[in-house]
Structure formats: structure tokens, C-alpha cells
Amino acid sequence: MDRTSHTNGHTNGHTTGHTCDRLLARAARWMALLRLTRTLVISLSIATALMVVARGAAILTSIEVPWGMVWLWAMVSAAVIAIAWTWFTRPAALAVARRVDEGAALRERLSTALAVRGMDDPWTKATIDDAERIAGGVLVRQAIPAAMPKLWPAPLLAMGLFFLIGLINPIDVFGWGDERDAEENQAQELIAAQKTLAETKTAVKQADALLAEHGAEMANPDEPMDEPIATPRTPEEMRLEAARKLTSATAKLDALRGEKSKKLDAMRQKMARLKTPANTPAELGAFMKSMQKGDFGDASKALQAMQEAMQNAEQSSEQKEAFKKALEDMAKQLEQLAKQRDALEQALADAGLDRNLAGDPDALKQALENAQNLNQAQRDALQKMAQNQQFANQQCQNMGQAMQQMAQNAGGPNPDQMAQAMGQMAGQLSDLEMMQMTMKDMQAQMAQMQKLMGQAGQCQNPGDAMSWFANSQPGKGKTGRGKGGGQMDSEAAPFALKKDKAIGKNLGGPIVGSTLIEAGQIKGESVQQFSEAVQAGAAEASQAIEEMQVPREYQEAVKGYFENLNGTVSESAPAQEEATDDDSDE
């Protein structure tokens with residue numbers, strides 16, 4: 001009987017121990033949740049308070065802060081700190097038991113049973129049994145009631161204050177914002193200057209390859225202001241180095257483009273004088289139209305179509321004869337154009353040289369060297385004009401010979417000679433087309449360098465880059481390299497205008513201005529100065545037409561204008577002589 005009672009008591013004691021453990025576990029979790037809530041409110045209050053302080057500091061210093069990311073890190077940090085604090089400050093089981101005893105008014109039953117656990121005396125067993133019995137009826141949430149932390153409004157108030165402070169404009173008390181903006185601008189300027197310098201080097205290499213392809217080389221800067229910078233470090237030095245390279249490359253490329261352009265202009269001017277005869281076959285008419293426009297690419301295509309038409313076996317004898325006559329006519333026109341040197345002869349006559357020198361390049365070169373009345377620029381201009389004229393004449397002569405050979409073999413029994421003549425003509429057109437393509441390449445390359453020049457000079461208009469480079473060169477001194485230069489900011493100054501006419505005394509000096517009107521000659525008026533002015537204007541107009549500075553649609557009008565003036569001079573000279581004779585008779 002006693003053994004059975006002891007066994008039942010031991011089993012009952014083991015079961016009731018589990019009841020206390022489950023109660024204390026629930027209480028520990030509940031207390032941890034309450035402690036986590038309180039700790040989280042405190043950490044959030046501290047975090048939001050620090051955010052308010054940081055927002056105020058940012059307002060005072062004009063520091064830009066990525067507030068979204070900062071808020072995210074602040075909230076995550078507050079949560080992690082609260083969890084870590086709750087974990088490392090968790091109470092022991094005995095402290096949990098005392099809290100439950102106090103909340104449930106158990107008179108320290110749970111804490112006493114937990115303290116004497118492990119003992120085997122009757123009083124201990126009775127104490128544990130009593131605690132197990134009481135633990136089954138304890139409700140943890142009633143024993144340890146939940147309550148909102150007293151600081152729960154603090155995070156909300158701090159967040160509201162944060163956004164209110166954000167409505168204030170930055171003050172930048174210490175000037176750090178300006179310093180930061182200056183550093184950022186300098187960094188961006190350095191990146192832009194590095195990019196511009198890199199693009200400049202690439203563009204200059206392309207220009208150098210283009211120049212080398214046509215027998216020209218990049219000229220090294222000669223002027224002291226263009227001396228290269230050894231190791232450009234600052235954005236200003238990089239821009240100066242880029243401008244130096246671009247200035248040299250652009251000048252050399254522009255000189256080569258000018259030479260090619262004047263040769264093509266001389267050739268186009270001659271081609272514009274071609275006339276299409278009547279009854280010209282359509283294929284040859286299209287070819288001549290392209291030649292008249294100076295479009296040598298279309299002329300090559302038209303030549304190929306003309307060759308196919310002439311090789312057509314179904315072509316009648318009348319059509320073959322029409323082709324032959326048209327080819328002969330065009331050959332004659334080209335031969336006549338090859339002999340024309342009127343623009344050069346007029347320029348030589350205006351310069352006081354013999355017109356016949358236009359047909360003798362060697363004699364012209366020697367005469368230009370001996371011409372004392374011309375400066376070096378005038379000699380060079382006449383020499384280049386002669387070279388361009390010679391180039392155009394040679395092209396016309398070669399084309400005329402090819403056309404003559406085509407006319408001789410048109411419809412003939414020897415197609416090989418016809419193909420040879422066609423090939424010769426196609427080769428010359430191909431060379432001229434290549435010159436046109438080269439001109440376009442040079443133009444595109446110069447446009448790219450003009451754009452880079454604008455970036456280097458920080459100009460809104462790339463065309464102003466040259467003037468910027470000239471005005472922004474560092475000063476030269478005996479003690480070192482200065483960093484002055486650039487344009488100063490202009491300010492409007494007050495001014496007033498007053499209309500007044502000052503009448504000076506005529507002391508017989510040279511005439512500095514005159515106006516020519518179309519009217520009859522006044523009796524007794526001298527025409528010497530008028531004649532000289534007309535001759536000078538006609539020479540300049542002739543040179544402008546030769547260099548294609550005057551549009552084609554205005555060239556005839558300009559020529560007619562000066563021809564009328566020359567006629568007026570010729571008519572006035574006899575009238576002047578007659579008036580002089582009449583005065584002497586009186």
C-alpha cells in the first residue's frame with residue numbers, strides 16, 4: 001500500500017514539474033515581447049532624434065544627404081539594436097518566476113518551488129506539488145499585463161519635426177556647400193577636359209592620316225604661344241593642349257582643303273561652259289548635264305549608261321552617227337576649254353605682267369620671282385591660280401583626247417579601242433570624284449574638330465573657339481609662365497549720342513571714298529581716277545569669279561556690270577579730249 005502511494009506521488013510530482021516549466025516558458029516569451037516593444041520604442045526615439053539633428057545640420061551646412069537610404073539604415077539599426085538588447089538582457093528563470101508570483105499574487109510559490117527543485121525531502125515535495133497545482137490556473141497575460149511604453153509618441157513627433165525642418169531652405173553657415181559644389185564642378189570639369197583631350201587626340205590622328213594620304217604632313221606649332229604643355233594636369237591645361245592640337249590640325253587641313261577646293265572650282269567653272277548640241281542622244285545628254293553641274297559621280301554613272309547604249313547591237317546607223325557627232329562636238333569643246341586662260345591672263349594683266357605668261361608656267365614662275373611691284377602674298381596667289389588653271393586645262397585636254405578617241409571608234413569594228421577610251425574617261429572622272437569625296441571627308445573632319453574646339457574653349461558657338469584660344473593663351477614673362485588671359489566680363493556703361501557734322505578743310509589729300517552712279521559724263525570731268533577704279537574692280541571681280549566666290553547665277557551679271565563700266569570709260573575719254581580742245585580754242 002505504501003509502495004503504491006509513493007509511486008503515484010512520484011509520477012504526480014514529475015507531471016506537475018512540467019506544468020511549472022510550461023508556465024515559466026510562456027511568461028519568459030511574453031516578458032521578452034514586452035521588453036522588445038519597450039526597447040524598440042526607445043531605440044526608435046533615439047534614432048529619429050538623431051535624424052532630426054542630422055537634418056538640422058544639413059540645413060545649416062547645405063550638405064546633400066540621401067535621406068531615403070539614411071532612414072532605411074536608421075530603422076534597421078534601431079530594430080537590430082532592440083532585438084540584440086532584448087536577447088542579451090533576458091532574465092533568468094528565477095526572475096521570471098518571481099515576476100509571475102508578484103503578478104498573480106502567488107506568495108512566491110513558483111519561485112520557492114523553482115529554488116528547492118532537486119531536493120527529496122517531504123516539505124520540498126509538498127512545495128513543488130502546491131506550485132504545480134497553482135500553475136495550472138495562472139494566466140500569463142493577466143499576471144503580467146501589457147502596457148504601451150511612455151515614449152511611444154516620441155518617434156512620431158520626431159518624424160514630423162524632421163519633415164517640418166526639411167521645408168527650410170539651406171543656409172550654409174560655414175560655406176561648406178559652396179566648397180563642395182566647387183569641388184564637384186572641378187571634378188566634372190576635369191572629366192570633361194579629359195574626355196575632350198582624348199577625343200581631340202583621336203580626331204588629330206584621323207586628320208593626320210588624311211593629310212598624309214594626300215602628301216601633306218602635320219605641321220609642328222611654331223609660335224611660342226602654341227608650345228605644347230609637357231604634362232597637362234588641370235582642366236585648363238588640358239583644354240589648352242586640346243586647343244593647341246586642334247588649331248594646328250585645323251589650319252593644316254584647311255590649307256589642304258583650300259588647295260583641293262580651288263582646283264575643283266576651276267574644273268567646275270570650265271565644265272559649266274559646256275553646251276549640249278542639238279540632236280544629242282539622251283545618254284550623252286545626261287552625261288553632259290552631269291558634267292555641267294560638276295557632279296563627277298553622276299557623270300561616271302551616266303558614262304557607264306552611255307557605254308551600254310553605244311554597245312547595243314540593235315542600235316541603228318543613224319543613232320551611231322548621232323553619237324559620233326555629239327562626241328566630236330564635246331571633244332572640240334573640251335579642247336577649246338583646255339586652251340582658255342582668260343581669268344589668269346586678266347589677273348596677270350591687272351598685276352602688271354604679260355598676258356602671254358599664262359601659257360608658260362616656267363616663264364610665269366620666273367616673272368613672279370622678279371616682279372618687284374608684288375608682295376609675297378600676291379605672288380603666291382598668282383602662282384596658285386596658275387597651278388589651278390593648269391590642272392583644269394590638263395583635265396580638259398585629257399578628257400578631250402578621250403572623247404576624240406571615243407568618237408573615232410564609235411560604231412567601229414575595234415571595240416577594244418572604244419573600251420580603252422571609255423576606261424580613260426572613267427579614270428579621270430573617278431579621280432575627280434575622289435577629290436570631291438576627299439573634300440567631304442575634310443569638311444566632316446573639320447566640323448568635328450570645330451566641335452571639339454568649342455568644347456575645349458567652353459564656347460556656345462564652336463566657331464568662336466579660335467578667338468577664345470587666341471584670347472586665353474597664358475601670358476609670357478621673363479620669370480615664368482603666367483596664367484592670365486581670357487575675356488573679362490563686360491559691363492554696360494552709360495553713354496549718350498549727339499548728332500554733329502564736322503566740316504573739314506580740303507587740303508588736297510587723297511580721296512578715301514567715292515560713289516559711282518550710272519549717268520552721263522559731265523563735260524570737262526576727268527575720267528582718270530574713274531578708269532583706274534573700274535580696272536581695279538574688274539580685276540578683283542575676275543579673281544573672285546575664278547575662285548568661285550561669286551555664285552554662278554550672278555557671274556554673268558557681275559561681268560556685264562564691269563563691261564558696261566568699261567564702255568562708259570571708253571565713251572568718256574573722247575568726250576574729255578573734245579572738251580579739252582574746245583576749251584583751248586576759246
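Reader: Which residues does Ala541 touch, not counting residues up to four places away in sequence?
Author: The model is a predicted one. Ala541 lies in helix 18, which covers residues 528–546. With residues up to four places away in sequence set aside, the residues that Ala541 touches are Val558 and Phe562.

Reader: How far apart in space are Ala541 and Phe562, C-alpha to C-alpha?
Author: Ala541 has a relative accessible area of 12% and is buried. Phe562 is among the residues Ala541 touches. The two are 21 residues apart in sequence, and their C-alpha atoms are separated by 8.6 Å.

Reader: Is Ala299 buried or exposed?
Author: Ala299 belongs to helix 11, residues 296–310. The cut-off for a buried residue is a relative accessible area under 20%. Ala299 has 0% relative accessibility, so Ala299 counts as buried.

Reader: Which residues are in contact with Ala299, leaving aside its neighbours within four places in sequence?
Author: One of them is Leu429, which is 130 residues from Ala299 in sequence but 7.3 Å from it in space, C-alpha to C-alpha. With the neighbours within four places left aside, the list for Ala299 is Phe287, Ser290, Met291 and Leu429.

Reader: What share of the contacts with a separation of 6 or more comes from residues 24 or more positions apart?
Author: The pair Ala299 and Leu429, 130 residues apart in sequence, is one example of a contact. For the protein, among contacts with a separation of 6 or more, residues 24 or more positions apart account for 72%.

Reader: Which backbone oxygen lies 2.7 Å from a polar atom of the side chain of Ser45?
Author: Ser45 is placed in helix 1, residues 2–61. Ser45 is buried, at a relative accessible area of 11%. The backbone oxygen lying 2.7 Å from a polar side-chain atom of Ser45 is that of Val41.

Reader: Which backbone oxygen does the side chain of Thr127 reach?
Author: Thr127 sits in helix 5, residues 122–135, and is buried with a relative accessible area of 14%. Leaving aside neighbours within four places in sequence, Thr127 is in contact with Thr112 and Ala113. At 2.9 Å, the side chain of Thr127 reaches the backbone oxygen of Trp123.

Reader: How far apart are the end C-alpha atoms of helix 7?
Author: Helix 7 has 13 residues, 153–165.

Reader: Within what arc do the buried residues of helix 7 fall?
Author: The buried residues of helix 7 are Pro155, Ala158, Phe162 and Ile165. Seen down the helix axis, these line one face, because their arc is one of 90 degrees.

Reader: Which residues are exposed on the other side of helix 7?
Author: The buried residues of helix 7 include Pro155, and Pro155 is also among the residues in contact with Ser45. On the other side of helix 7, the exposed residues are Leu156, Leu157, Phe163 and Leu164.

Reader: How many disulfides does a search of the whole structure find?
Author: Cys20 is buried, with a relative accessible area of 5%. Cys396 also counts as buried, at 0% relative accessibility. Over the whole structure, the number of disulfides found is 0.

Methods: Residues are numbered from 1 along each chain as its sequence is written. This is a predicted model: local features need pLDDT of at least 70, side-chain atom pairs count only at pLDDT 80 or more; totals for chains, interfaces and linings use all residues. Side-chain values use heavy atoms; hydrogens and water are left out. Contact means heavy atoms within 4.5 Å. A disulfide is a pair of cysteine sulfur atoms within 2.5 Å. Buried means under 20% relative accessible area, exposed over 50%, partly exposed in between (1.4 Å probe, protein chains only). Helices (H or I, at least four residues) and strands (E, at least two) are DSSP runs, numbered from the N terminus. A polar contact is a pair of N or O atoms within 3.5 Å; within protein, one must be able to donate a hydrogen and the other to accept it, and residues adjacent in sequence count only if both atoms are side-chain atoms. The expected span of a helix is 1.5 Å times one less than its number of residues. The arc is that of the directions from the helix axis to the C-beta atoms.
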